[in-house]
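I opened this notebook to keep track of what I looked up, one topic at a time. The entries follow the order in which I went through the model.

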Amino acid sequence: MSVFTIEAGLALLGLVLLLVEAFKPDISRRTLGLTAIAGTAFALVLLPFCGAPLPSFMQPWHQLDTLALFYKGFAIVITLLVLWLTLECAPYLTRFTVDGKLAEMFSLPLIVCSGMMWMASARDLVTVFVALELVTVSFYVLVAFARKSAFSLEAGVKYLILGALSTGILVYGIAWIYGATGTMSFEGIGKALANPATSKSTALFGAALILCGLGFKVAAAPFHMWVPDVYQGAPTPVTAFLSVGSKAAGFVVLTRALEAFLATGSIISTEVQAFLLVIGSLTVLLGSLPAMFQTSVKRLLAYSSISHAGYLLLALACSETARFELSSGGIVAFYLATYLPMTVLGFLGLGLMRANGLGEDIKDFTGLAKRNPTLALFMTISFASLAGLPLTAGFIGKLFVFLGLADHGYWGALSCAVIAAAAGFYYYFKTILAMYTTEGVETTALTLSTASKAVAGVLVLIILILGVYPKPLQKVLTASPAVVSAK
Amino acid sequence: MSVLEIIIALPLLAALAVWLGAPARAASLGATFVNLALVLYASVQYAAKPAGLAFTNARVVLENPAISFAVGADGVSLTLALLTSLVMLAAVWQIEDRPNIFYISSLLIGGGAMGAFLTTDVFFIYAFHELALIPTFLMIALHGRADAAQRKAVAWKATIYLGAGSLVLLAGLAWVVLEFSGGSKLTFDLEALRNQAQLTPLPVAKQAQIFFVLLLGFGTLVSLFPFHSWAAPAYATAPTPVAMLHSGVLKKFGLYGLIRIALPLLPQGAQVEWVQNALLLMLLGNILVMGLVTIHANRLDDTLANSSVMHMGYIFLGLAAGTEIALKGAVLLMFAHGVSIALLFGLCGRMRNQLGTLEYNKLGGLATHAPAFTVLFAFGAFASIGLPGLANFAGEVMVFAGSFTEFKAGELSNLHWTVILALWGVVMSAVYMLRAYRNIFHGSANTGLFMTDPVFSQRLPFILLAATLLVTGCCPWLLLNLMKSAL
């Protein structure tokens, strides 16, 4: 069976759920949600058995290397978690939807997932564009889903306008690159850029536009302005999806595009690398420093996600070296794998707070340890990992980035990253401290369903295991890049 | 499986068990008792072995960069492990009527310190220390002995200082790893780094630079002047077991790191003139400036907290001299200071609980109703002054004698001058400790405040520490033999 079956199957399931909801309005949201979850889980189980080559006519656009396979798994896992989070938050979310239903909240993520999986395999810019739009357009709907909430609507409009703008820039860049190199495929672009006869200024202009367009998608500074508002306004499960899924999708495309732009002998590699270093340094700082002054945890997590994007950009700036087994793409994949559990845990905490009628401000977290010690411990570990505390997954990810930067001698960028990490310690621990503060809080207990406990427990375990034993994941990511690619 | 792994894991597992609901006191006391027994067993075994690392065992965590959970101990690490297990036992033992978090945090701090002393991989040495710092901050902020705003301010001050120190330290360690990894891949294994350092020593100027960075990083953690101002308020505010464990044990981590990492890897770095002069100036700051500050303190907790900063100066003096006798004396002094300050902070905590104040002008004549308590306090106070027969004396004598070498009449080096000036510190110690002792325990008892002796079972932890001071003071060879030629 080829992996395309799964991608098509998930999109199809999404469409079917949409139709069922439309024609059978009395169907319970639990059934819909559980069907979606079951379908995604089934896809995850099937994924390892999907090594069969694609039909030959698809191969020019679609490849299946380790990285693609990793990101496909990643997309399925985050979709699964988001669907489950939606079910958990459903009673609260339905208060803000027009008809008190959540149907599209269960079908659209499946379509997003399909788009992200497709994107992970993209071999040329057209495929990237189509897959990216599939994801982004679905997100426009998801962000504005809680239509009765003004914040959600505002977030939706902001996201739509800036998303459309960035898409325009991206397409414009693709056109310029096509003009400069005469091809759309990453491989071809890499080859053309290595040819000194290619017009450097044209290629550079195109590459800059593409990087700016993708910069919007991954929330790189100075294109990050939309993030705090959109993340804060969107329903919490969607925020988690945006912050992990959409970001990962942006980074897999960036990884592929940069493989072409920074190919050996590329005429624009110096400039692109400098661009990445500057953008990355800016992003870590502009993400981390404002985060110190946030009072809303959701907004704080939005800024933190900007700063994490900065670390990832800095990782991309470090091209492969002999001293390091992981390529820069591998480091990014590793970092995202550590980023998934800790971020989802953070949003899970937020979602549960909301579901229990509490707010999203740091002061609402006061005394959480008394209300629900388990949840407080889980969130402590997640925040500690986001801060990059040793022995948690977050530290290993940061360690790779820092060592890579030091190994290349990018001292300026390294110091920006260290400053941002130090600021990170401040704002994450400010929140942790609030959770354990006891005075002046009424201590109504906060309930946590067994399923939530189990899922959160697994995520915590992943954080801790990756923190002390990252070897297996590193092995997976360093496996020779084209093991499963079709002959 | 090495015995050291059990020693590291036991307190951490006990903390987990207490969190999960095991009887707090029984589990903590049991674990710390067994731990002390295991450390004693390991020390006795080690005494019969040749010098060098023993009980080694490595579990690979990452292959490239090479990181492994590698344990191993020599005489120095065993001495500090012995200190840790003694103080941890006493700290847990003296807890009375406190929430479980007191037990959990004590076990975490102790277990973290144990891990830092007994692992031989730079990554884990650093990681375990950070692990131990987190509960320290949280406990000061949440259960400190001041009003909420003030203890939070104190906790933040300590966090910012120690966080910044840790980042400088991380930079220094990363520099070490990059310089000494050699060849094709990065390694964090201390032995490998050491071998590489012997094989291809760095140019002296570069050694000096790296050593200085490490000195600033480790130094901040040990409250080296002028990076000391976090320490006194933190100890004065910290809950008793945390003050005992941090000032007694965890603070020694910085010194241990200098002995274990900086000196062997950069043997000439410490002897370069500008580095040595800077270190001598800073340690004189510790001894003379902090000595005067301590004399001016008018509360017992202030006196103890400042004196603990001051006494670090002697240990730094031993490191600055770098002779075998001075270094062994420094390690002995680390042990002695750890035991004596833990004893004093433990007793000080009891006094505060019973009396509600520690100001000298409100206390007096306490000895009449609490003779046993007075004797125990006298052990700590006299040890701290450096009375012969108690452990600190042996360490101080060795440091002074080992530092005042190569003396030619009329030609005093900077080191000699430092020793001469540092000797005045002993006088200052006598002034403030004897004054404190007289004010509190002797004189008229007409202040209306009096305290009673603790019941026998609550005396035991302090008796344990006092007996340790006496035994190692009369027979310092017990520890010196253990250290062998590790230095």
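**Chain B and its domains**

I began with the division of chain B, which consists of domain 1 (1-269) and domain 2 (272-487), with bounds that come from an automatic or database domain assignment. I noted that this is a predicted model, in which local features need pLDDT of at least 70 and side-chain atom pairs count only at pLDDT 80 or more, while totals for chains, interfaces and linings use all residues. Residues are numbered from 1 along each chain as its sequence is written, and chains are lettered from A and ligands numbered from 1 in the order in which they are written.

To their contact, domain 1 of chain B brings 47 residues and domain 2 of chain B brings 45 residues, where two residues are in contact if their C-beta atoms, placed from the backbone, lie within 7 Å. On the side of domain 1 of chain B that touches domain 2 of chain B, α3(B) gives the most, with 12 residues. The residues of that side of domain 1 of chain B are 32 nonpolar, 11 polar and four charged; Ala, Val, Leu, Ile, Met, Phe, Trp, Tyr, Cys and Pro count as nonpolar, Asp, Glu, Lys and Arg as charged, and the others, Gly among them, as polar.

**Overall form of chain B**

I found 19 helices and two strands in chain B, both being DSSP runs numbered from the N terminus (helices H or I, at least four residues; strands E, at least two). The C-alpha atoms of chain B fill a box of roughly 70 × 65 × 45 Å along the principal axes. I also recorded that 60% of the 487 residues of chain B count as buried, that is, 20 or more other C-beta atoms lie within 10 Å of the residue's own, with C-beta atoms placed from the backbone.

**One residue of chain A**

Is L300(A) buried or exposed? I looked it up and found it buried, because it has 28 C-beta neighbours inside 10 Å. L300(A) lies in helix α12 (residues 297-317) of chain A. Apart from neighbours within four places in sequence, L300(A) is in contact with A291(A), Q294(A), Y427(A) and T431(A). I also noted that 41 Å separate the C-alpha atoms of L300(A) and G51(A), which are 249 residues apart along the chain.

Conventions:
A residue is buried if 20 or more other C-beta atoms lie within 10 Å of its own, exposed if 12 or fewer, and partly exposed in between; C-beta atoms are placed from the backbone.
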